[in-house]
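Please look over the sequence and the fold below before reading on. The paragraphs after them go from the whole chain to single pairs of side chains.

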Amino acid sequence: MKVLVPVKRVIDYNVKARVKPDQSGVDLANVKMSMNPFDEISVEEAVRLKEAGTATEIVVVSIGPQQAQETLRTALAMGADRGILIKTDTMPEPLAIAKLLKAVVDEESPELVILGKQAIDDDSNQTGQMLGALLDWPQGTFASKVEIADGKANVTREVDGGLQTVALDMPAIVTTDLRLNEPRYASLPNIMKAKKKPIDMKEIGDYGVDVSPRLTVVKVTEPPVREAGEKVEDVDALISKLKAKGAI
Ligand code: AMP
């Protein structure tokens, strides 16, 4: 079984994002970038499927700038077999990404595509679902457990107030949630080995896909600054403060 894992290069989750002075977006100059955390979980899941003998090949794909190669190398060091970089200096919207991924699926014919449930930069939570619709494949989103058996992917999903298990006919789309697994750190020998694994370099033009934006970002602003808290001596003091503020 071939598994395709799309991985996005995003602003590192530890970095405090700063808005550009002209409010056109987040300032990415000299900012640490890393693999989207949910995509690390997807790569880990694919590697575990390979270690269990269920998956035979893991292909990782990224759409982004030249530096997204580093993101692919990280995935290769974790255990993926080869990479595809679709190079672009723009950041296409989820629908355009889904169309590009569909073109890659048409070429590669994987039986399973594992995406993150969302990218932590745009928080869209759209790409997996759109890819499922474009391919007309079943999808199990927000997976906290994935089991492959008898040509089906059994996906346990985190839903409001509980867990739902769905059985998907393969080929299928899965999107990963935080509790699915804990991604491994790549060992030094594996980082060295990953340097020799192949990465196919592509351009958006190779896929004949319309990636023109459908949205206009009106403005990006910082969240309101939180007011400092106050320490109170006891519950009575807390109640009188709250009363004074009209909160109770
Ligand atoms: P989103 O819909 O933008 O929140 O992203 C959901 C998932 O789609 C991510 O976790 C990735 O698996 C995949 N994805 C989104 N953008 C890209 C990209 N530029 N390159 C590769 N995968 C992507």
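The model is predicted, so local features are described only at a pLDDT of at least 70 and side-chain atom pairs only at pLDDT 80 or more, while totals for chains, interfaces and linings use all residues. Residues are numbered from 1 along each chain as its sequence is written, and side-chain values use heavy atoms, with hydrogens and water left out.

The chain has 6 helices and 11 strands, where helices (H or I, at least four residues) and strands (E, at least two) are DSSP runs numbered from the N terminus. Its C-alpha trace spans about 65 × 45 × 40 Å along the principal axes. Of the 248 residues, 42% count as buried; buried means under 20% relative accessible area, exposed means over 50%, and partly exposed lies in between, with a 1.4 Å probe and protein chains only. Among contacts (heavy atoms within 4.5 Å) between residues at least 6 apart in sequence, 70% join residues at least 24 apart. The chain exposes about 14,100 Å², of which carbon and sulfur atoms supply 51%, the areas coming from the Shrake-Rupley method with a 1.4 Å probe, where for residues only the protein chains shown count as cover.

Charges come next. The chain carries 32 positive and 38 negative side chains, and the centres of the two sets lie 3 Å apart; Lys and Arg count as positive and Asp and Glu as negative, while His and the chain ends are not counted. The place of a charge is taken as NZ of Lys, CZ of Arg, CG of Asp or CD of Glu.

How many salt bridges does the structure hold? There are 17, each defined as a side-chain nitrogen of Lys or Arg within 4 Å of a carboxyl oxygen of Asp or Glu. One of them links Lys32 with Asp12, whose closest N and O atoms are 3.4 Å apart. Both residues lie in the loop between β2 (9–11) and β3 (33–35), so the pair ties together parts that are 20 residues apart in sequence. Lys32 is exposed because its relative accessibility is 55%, whereas Asp12, at 5%, is buried. That loop between β2 and β3 also holds Lys16, which is exposed at 55% relative accessibility; the C-alpha atoms of Lys16 and Val31, 15 residues apart along the chain, are separated by 9.4 Å.

Two further salt bridges lie within helices. In helix α1 (residues 37–51), Arg48 and Glu44 are 4 residues apart, which means about one helical turn between them, and their closest N and O atoms are 2.7 Å apart. Arg48 is partly exposed at 36% relative accessibility, while Glu44 is buried at 2%. In helix α3 (residues 94–108), Lys102 and Asp106 are likewise 4 residues apart, or about one helical turn, and their side chains meet in a salt bridge of 2.9 Å, N to O. Lys102, with a relative accessible area of 25%, is partly exposed, as is Asp106 with 48%. Elsewhere, salt bridges that share partners join Lys2, Glu57, Arg82 and Glu108 into one network.

Finally, Glu107, Asp200, Glu203 and Asp206 form a negative surface patch. Patches are made of residues with over 30% relative accessible area and no salt bridge, with like charges joined within 9 Å and nonpolar side chains (Val, Leu, Ile, Met, Phe, Trp, Tyr) within 5 Å. Asp206 lies in the loop between β11 (199–203) and α6 (235–244), and counts as partly exposed because its relative accessibility is 48%.
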